[in-house]
Amino acid sequence: MDTEEEWRGEGMERHFWPPMFLDPSYRWEEYRVGRGVKVRLLAVQDGGEGKTASCLTGQMVWPAARVLSQHIVDHPELVQARTVLELGAGTGLLGLVAAKLSACPKKVVLTDNNMTTLDMMEANVEENFPIQTTMPPRCAHLHWGENLDKFLHDHGKFDVILGADVILWKQYIRPLFETVKKLLSQTDTATFLLCYQCRYAELKDKVYEAAKEVHLVGKEIQLEENAAFVEQEDKAKDNLHLIKFCHQFVNTCETNAVCSTS
């Protein structure tokens with residue numbers, strides 16, 4: 001979508017027009033998730049009125065990251081003793097929350113495809129996990145669908161994969177699910193948690209279609225009791241979704257692949 005007309009044709013003008021991102025005004029800010037988890041982040045906080053200089057979407061904290069972070073705080077057993085991968089981590093809020101809940105933070109890997117974003121992410125990891133005092137979560141470059149065998153060799157498979165607002169562009173949905181399928185542990189408890197804002201009508205269908213192609217089955221998680229979701233404006237609530245995907249193993253009864261809602 002290279003023109004404003006094409007963008008509006010997708011019904012996305014109510015959210016944002018890509019060239020009009022905030023000015024890259026970075027500062028440190030503390031984020032509280034639930035009652036016990038605090039994360040200090042360097043991120044784009046406010047571009048100021050009338051500022052239109054470009055910045056990367058990964059340099060901001062989006063509502064979906066807050067909602068999914070709240071979900072894992074509400075259900076810490078999802079990450080406490082498991083290997084965790086965050087895709088499209090951006091500022092790293094979600095992965096850092098998982099690492100703070102984990103019994104072994106180094107089992108958490110935060111990834112992004114953009115090197116500038118990775119630099120910022122690494123600074124955020126160092127701020128929250130000083131190397132002198134703990135084994136911190138790891139940061140790694142990952143381009144969905146590319147060099148997955150090498151990534152698998154370096155980091156192994158993961159019990160839990162997390163993604164928050166990582167499917168804005170249609171062309172990335174299939175590579176995302178191909179990457180998840182390759183890196184998700186082959187167990188019936190392995191989980192991919194995807195939280196996103198549905199910015200155009202057919203997005204949800206495309207998500208489930210891509211999941212089906214790689215034999216993942218999804219179940220939507222209700223968010224009415226999620227504190228971060230409750231704080232969102234009503235118009236944002238209508239478009240926020242949290243889906244739990246797990247393997248649908250071939251030649252097994254379909255009921256064996258149904259995800260629980262926790």
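Predicted model: local features only at pLDDT ≥ 70, side-chain atom pairs only at ≥ 80, totals over all residues.
Residues are numbered from 1 along each chain as its sequence is written, and side-chain values use heavy atoms, with hydrogens and water left out.

Two packed helices are described by the angle between their axes and the distance between the axes. Helices (H or I, at least four residues) and strands (E, at least two) are DSSP runs numbered from the N terminus, and axes are lines fitted to C-alpha atoms, for helices over the stretch in contact, with angles running from 0 to 180 degrees between N-to-C directions. Helix 5 (residues 148–155) packs against helix 6 (residues 173–183) at an angle of about 40 degrees, and the axes of helix 5 and helix 6 are 10 Å apart. Helix 5 and helix 6 are therefore oblique to each other, given that angles under 35 degrees count as roughly parallel, over 145 as roughly antiparallel, 65 to 115 as roughly perpendicular and the rest as oblique. The crossing of helix 5 and helix 6 is right-handed, a term that applies if the near helix is turned clockwise from the far one by less than a right angle, with anticlockwise giving left-handed. In this contact (heavy atoms within 4.5 Å), Leu148, Asp149, Phe151 and Leu152 of helix 5 meet Glu178, Thr179, Lys182 and Leu183 of helix 6. The residues of the contact of helix 5 with helix 6 comprise four nonpolar, one polar and three charged, where Ala, Val, Leu, Ile, Met, Phe, Trp, Tyr, Cys and Pro count as nonpolar, Asp, Glu, Lys and Arg as charged, and the others, Gly among them, as polar.

Helix 6 also packs against helix 7 (residues 203–213), the axes coming within 9 Å and crossing at roughly 35 degrees, and this crossing is right-handed. Ile173, Arg174 and Phe177 of helix 6 meet Leu203, Lys206, Val207, Ala210, Ala211 and Glu213 of helix 7, and the residues of this contact divide into six nonpolar, no polar and three charged.

A search of the whole structure finds four aromatic pairs, defined for rings of Phe, Tyr and Trp (its six-membered ring) with centres within 6.5 Å, planes under 30 degrees apart counting as stacked, over 60 as edge-to-face and the rest as tilted. One of them, Phe177 with Phe245, is edge-to-face, at 5.2 Å centre to centre and 80 degrees between the planes. This pair links Phe177 in helix 6 to Phe245 in strand 9 (residues 240–247), 68 residues apart. Phe177 is buried (under 20% relative accessible area, with exposed over 50% and partly exposed in between; 1.4 Å probe, protein chains only), at a relative accessible area of 0%, and Phe245 is likewise buried at 0%. The rings of Phe192 and Phe245 have centres 5.7 Å apart and planes at 25 degrees, so the pair is stacked; Phe192 lies in strand 7 (residues 191–197), 53 residues from Phe245. Phe177, Phe192, Tyr208 and Phe245 form one aromatic cluster.

Asp165, in the loop between strand 6 (160–164) and helix 6, is buried at 16% relative accessible area. Asp165 and Tyr196 are 31 residues apart in sequence and 4.2 Å apart in space, C-alpha to C-alpha. Ser69, placed in helix 2 (residues 63–74), is buried at 0%, and, leaving aside neighbours within four places in sequence, Ser69 is in contact with Val33, Leu93, Leu94 and Val97.
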